[in-house]
Amino acid sequence: MEFNQAVLLVFVELCLWQMARHQRCQKSLSGESFVFYEGVLNRHESEGDVTDTLRNDLAKATDLNISAIEKCFKFNKQIDIKVLSDLQIKTLGWTNIEEAIKTAMENQGDANKDLNVIIGPFYVNVAMIAERMGIPYIITDYKGFDWIDVNRVRNHVTWKTMLDLKPPSHQVNMAVVDMMKAYGWNLAIVVKPDDQTSDQECNDMLAQMMKREISPIAYSLDVTSREKMEEQTSELLRTAQLLNIRTVVVCSPRDYRQRIIETVLNTSRTFGMMSDETRNFILLDTDFYLQSLNESNIIRNRYFNADSQLLAFRYLDEVKDLKSPTQAIANDVSRLIVEAKKRYMEAVGKVAKIDGKMFLESMKEVSFMGSTGRIQFNASSGERVNFTLHLYRHGGGQDIITRIGEWSPGNDPESRYLRLNASEPQTKKSKSLFDGVQRVAMVLEAPFVMLKNEKQLTGNNRYEGFTIDLLKVLSEKSGFEYEIYIVDKYGSPTGDGKWNGMVGEVLSGNATFGMGAISITSEREKDVDFTLGVMTTGVNLLISKPKIMDSIFQFMEPFSLNLWMAIVGASVGVSILYFVLDYPSEERKFSARETWWFSVGTLLMRGTDFAPRPSSQRILTAGFLFFVLITVSSYTANMAAFLTTNNLEKQIQSLEELVERSDFQCGTVKDSATMNFFKTSSKPIYRKVWSKMSEGGLVSGSKEGRERVRAGGYAFIFDYMINSYSELTSCETKMVGTPFRLQEHGIAMKQGASIKSILNINLLKIKESPIMTQLQTKWWENKRKCDFIESQPTVEFGIKHMAGVFIVGAGGLVCAILFFLSKKWFVAVRTKEKSAESDTGLEETLYTTDKTMSKEDIANAVKV
């Protein structure tokens, strides 16, 4: 048993030893993996300078993890070498470079190790010291600072340890000249910076143009002042127009690249030159990743809409999504080092350290297709060879970048070749603003998006409305196909940065963009982008039309109840005063009955049978008659209006009245922007409205809201344009109040979407043309089913207006008859009672005088 355990233990140890043996680097004398030290030249050090992105891009570049290399090269170690403070080239030249490199290795790496490679722009002093130290020097740009007077264009030294990752500048100029000769452009304006230390590339191009019998007119711009540069650019472009020069070459070395290109293009646009299809702008960028003409700048500056040709050579056959101009270079540097490591480990035996000379030879043998095209080097000079430059046209339609040719280098014009089609230059589509069918999310909302009645229709033909017609026009102008699909709502946040509805569809990528009556709000713009406003709208109230209030006592309405009571009170008071004033008179006429009848008769313009004689009574009568005159005249005037117009129920006119009306509910669409507005508002009136609408007033959609409005007792607070359509088509509803919370409908899309600018431009064109007005007329005014007249029409004078008067007259008649009958009955009863009293007295008299007669006989005698 113990023997078996010992054998097993030995077997495990052998396995572990074998595994460790295989994990060790077979090329290293110690068996440990090498640390690869990369010295990265940092051109910008102060916080105010532009950040040097090369180091970051190198750090982010993904190495190819090949197992054979991974055992010997665990990781790369970047050594930051600051050109200003460490190398001090500007003040000390080459004297401090070697010492600075060693110091950087001591502080950041290993003092006992050597720097394996230097990466960065070209500095002639660094190239000299790198060759002396035997360190490979990978050039990522033609030159370093603007104060260096020698760059790779003027430098003709064959450096033994240098690799040019960028194509030689003079060969780039050859491509431009060959292209101009192919198109027959023999006269051109060349725009370049007014800086002798920065325009070597431009001077080389001028020399090549003159050698090939192309006449250049050179203009130097003062790049130290933006105002001067813009003024000079305007002058040279005006000259180009006067001399009818059709071709402008923009030569922009690295230090002024973005500024010069943008100034020339923007100024030419103000001169109308970019809308002239006969104009040609050739943009020379020695970096070969045109930041001025990347996709975002093309869209933001609207260069894609140019009719003129914006031409530039690029590394890439396909435009890739690279975030910075140095990212493509950084990717290729990282790939180059990995491929060189592989070759290095295949070529050498066991070594104690990485040999710089042998590693350089390994890099020169590398060949692969990288981010900047074919990577391959001349074995003796280290220049890049066998690359292809691709000629692109930028803009000129819906394709923002279109490849129209390619150029490959050679020793002379006969061995070089340029392939392009001058008569039909756009032969291959590389990048378009709209790729494939665009999915458009919409919400069914009349009159923006509605389903047609024809059930047999399919696809986009199923829908109609304002937004549908607008989308058709927009797609024709922008050049895209679309597919419409319906969602349940416009969108509200659900928490954790997520949205539902149309906004959620856009964020998830299910929809390219969303259209309809979606409001542009600050909350939505935090997560999605919107185009310019499609139309301006607001929020107002939709209520049911007030109903006509018919009343048989409409004749009473000219005066209020209080006024009627005042008139009756005045009449009673005058009657009492007459009675008091006539009480002492011997010939008293104003008894209680006559006094009341005098007041009523005067008030009814009937008059009485007698007139007062005393002066006091006459003065009272004159005052009372004047009161009656004014009262009757006012009543007559008001009654004419009240009896000939409809009497409508009291309607709501504002939010304040809505809050006070207990018989009215109010609400809006649940989770809509309008609901969020009231919910989050701090204004007291809006808080009161929210409190009221939260008590059962919220609805699932505008359709349900309109149904509740028609049922009565409900005010629907929603989008003005939607309420307006309801008022025009549903005669039971009416808008009230001035629209508040003014806002705009827009088109929602992902943040940073490339289609935003083209949609904005075409949307502006539509709004500036009669199209928008025609669409609004078609889907609102032409859909009108109801007539609206602000003043109430005169109604026919009928029995319903006089019914109350007849009732009052009939009431007086009934009262008179009842009073007459009551009086007759009262008189009859009184007469009968008096007759009975007289008969009883006679019986008593007879009975007293004649005792022989019985009471029955006496009664019968009395009756006889």
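Which residues make a nonpolar surface patch of about 380 Å²? Leu187, Ile217, Leu242 and Leu243 make this patch. The model is predicted: local features need pLDDT of at least 70, side-chain atom pairs count only at pLDDT 80 or more, and totals for chains, interfaces and linings use all residues. Residues are numbered from 1 along each chain as its sequence is written, and side-chain values use heavy atoms, leaving out hydrogens and water.

**The protein as a whole**
- The protein has 29 helices and 29 strands (DSSP runs, H or I of at least four residues for helices and E of at least two for strands, numbered from the N terminus).
- Of its 864 residues, 45% count as buried, meaning under 20% relative accessible area with a 1.4 Å probe and protein chains only.
- Its accessible surface comes to about 44500 Å², and 53% of that belongs to carbon and sulfur atoms (Shrake-Rupley method, 1.4 Å probe).
- Among contacts (heavy atoms within 4.5 Å) with a separation of 6 or more, 72% are between residues 24 or more positions apart.

**The nonpolar patch**
- Leucine 187 lies in strand β6 (residues 187-193).
- Leucine 187 is partly exposed, at 39% relative accessible area (between the buried limit of under 20% and the exposed limit of over 50%).

**A helix pair**
- In α15, Leu470, Val473, Leu474, Lys477 and Ser478 meet Ile758, Leu759, Asn762, Leu763 and Ile766 of α26.

Terms used. Patches are made of residues with over 30% relative accessible area and no salt bridge: like charges are joined within 9 Å, nonpolar side chains (Val, Leu, Ile, Met, Phe, Trp, Tyr) within 5 Å. A salt bridge is a side-chain nitrogen of Lys or Arg within 4 Å of a carboxyl oxygen of Asp or Glu.
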